[in-house]
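Thanks for coming, everyone. Let me put the structure up, and then we will walk through it.

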Amino acid sequence: MAAGSEERPAVPRRSVLAAAKSRSAAQAVEVRRSTRRSRTVSAYREDGRTVILIPARMSEAEEKRWVAQMLDRLDARESKQQLRGDDELAERAGELSQKYLGGRARPRSVRWVTNQNTRWGSCTPSDGTIRLSHRLQGMPEYVVDYVLLHELAHLLVPDHGRRFWALLDAYPRTERARGYLEGVVAARLPAPREGCDH
Ligand SMILES: [Zn+2]
């Protein structure tokens with residue numbers, strides 16, 4: 001998902017590009033037939049669509065059945081990961097609020113989102129919700145902590161004024177984390193910029 005609308009080289013293949021209409025996600029599905037495959041079917045997500053690899057000689061009915069099954073499998077796996085990740089994130093938010101904000105920031109919900117590609121984090125102070133971009137996953141913990149603390153601080157100070165940054169001064173790695181994120185932005189454009197809409 002890194003580069004969004006990045007052009008991909010055309011590769012010779014027999015493919016079907018179809019929308020899975022019955023699904024709430026209405027995700028694009030691309031089926032690739034491979035002569036190298038005799039039995040195995042596999043699937044993965046790429047650039048907001050699902051690629052399903054099937055053996056070249058599979059019938060259309062089999063293809064239909066496998067596509068449905070692989071989409072279900074991916075959905076189940078992702079919702080499980082998402083759930084576990086959100087719990088940990090909420091727990092971490094509680095710890096950070098306690099340690100650096102005197103426990104005053106009490107979010108109502110904290111969760112990972114995959115539809116946020118232009119911002120690392122966002123929050124809605126009016127209903128106490130915080131969302132972190134899944135693109136932070138895999139980055140150093142101090143960076144994720146910084147973004148989380150940044151959004152927690154917004155529950156207390158909505159703008160980016162002096163009072164806001166004074167809150168973040170309590171976190172010893174604010175500058176380092178901001179530098180890290182700037183480096184990511186510089187290294188692979190387009191990427192999220194730090195900041196919020198408010
Ligand atoms: Zn902000």
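First, what are we looking at? This is a predicted model, where local features need pLDDT of at least 70 and side-chain atom pairs count only at pLDDT 80 or more, while totals for chains, interfaces and linings use all residues. Residues are numbered from 1 along each chain as its sequence is written.

Now the layout. The chain has four helices and seven strands. Helices here are DSSP runs of H or I with at least four residues, strands are runs of E with at least two, and both are numbered from the N terminus. Along the sequence, the pattern reads β-β-β-β-α-β-β-β-α-α-α.

How much of the chain is buried? Of the 198 residues, 19% are. Buried means that 20 or more other C-beta atoms lie within 10 Å of the residue's own; exposed means 12 or fewer; partly exposed is in between; and the C-beta atoms are placed from the backbone.

Next, contacts. Two residues are in contact if their C-beta atoms, placed from the backbone, lie within 7 Å. Take the contacts between residues at least 6 apart in sequence: 43% of them join residues at least 24 apart.

On to helix 2. This helix covers residues 141-156, which is 16 residues. At 1.5 Å a residue, helix 2 should span 22 Å, and its end C-alpha atoms are 23 Å apart, which agrees. The expected span is 1.5 Å times one less than the number of residues. Buried residues of helix 2 include Tyr146, His150, Glu151 and His154.

Asp145 is in helix 2 as well. Is Asp145 buried or exposed? Buried, because 20 other C-beta atoms lie within 10 Å. Asp145 and Leu96 are 49 residues apart in sequence, yet their C-alpha atoms are 7.6 Å apart.

Which helix packs on helix 2? Helix 4, residues 174-187, at an angle of about 100°, with the axes 9 Å apart. Axes are lines fitted to C-alpha atoms, for helices over the stretch in contact, and angles run from 0 to 180 degrees between N-to-C directions. So helix 2 and helix 4 are roughly perpendicular, a label for angles of 65 to 115 degrees. Tyr142, Val143 and Tyr146 in helix 2 meet Thr174, Arg176, Ala177, Tyr180 and Leu181 in helix 4. That contact divides into six nonpolar residues, one polar and one charged.

Now the cores. A nonpolar core is a set of buried Ala, Val, Leu, Ile, Met, Phe, Trp, Tyr and Cys residues joined through C-beta atoms within 7 Å. The largest has 22 residues, and Leu149 and Leu152 have the most contacts inside it. Helix 1, strand 7, helix 2, helix 3 and helix 4 each give two or more residues to this core. Helix 2 gives the most, with seven. Leu152 touches Ala93, Leu96 and Ile130, among others, leaving out residues up to four places away in sequence.

Apart from that core lies another, of five residues, including Ile52, Ile54, Val67 and Met70. Ile54 sits in strand 4, residues 49-55. Ile54 counts as buried because it has 21 C-beta neighbours inside 10 Å. Beyond four places in sequence, Ile54 touches Val31, Arg33, Arg37, Val41, Glu63 and Trp66. The C-alpha atoms of Ile54 and Trp66 are 8.4 Å apart.

Last stop: Arg111, in strand 5, residues 109-113. Arg111 is partly exposed, because 16 other C-beta atoms lie within 10 Å. Its contacts beyond four places in sequence are Asp86, Leu89 and Arg131. Arg111 and Asp87 are 24 residues apart along the chain, with C-alpha atoms separated by 8.0 Å.

That is the tour.

Technical notes. Angles under 35 degrees count as roughly parallel, over 145 as roughly antiparallel, 65 to 115 as roughly perpendicular and the rest as oblique. Ala, Val, Leu, Ile, Met, Phe, Trp, Tyr, Cys and Pro count as nonpolar, Asp, Glu, Lys and Arg as charged, and the others, Gly among them, as polar.
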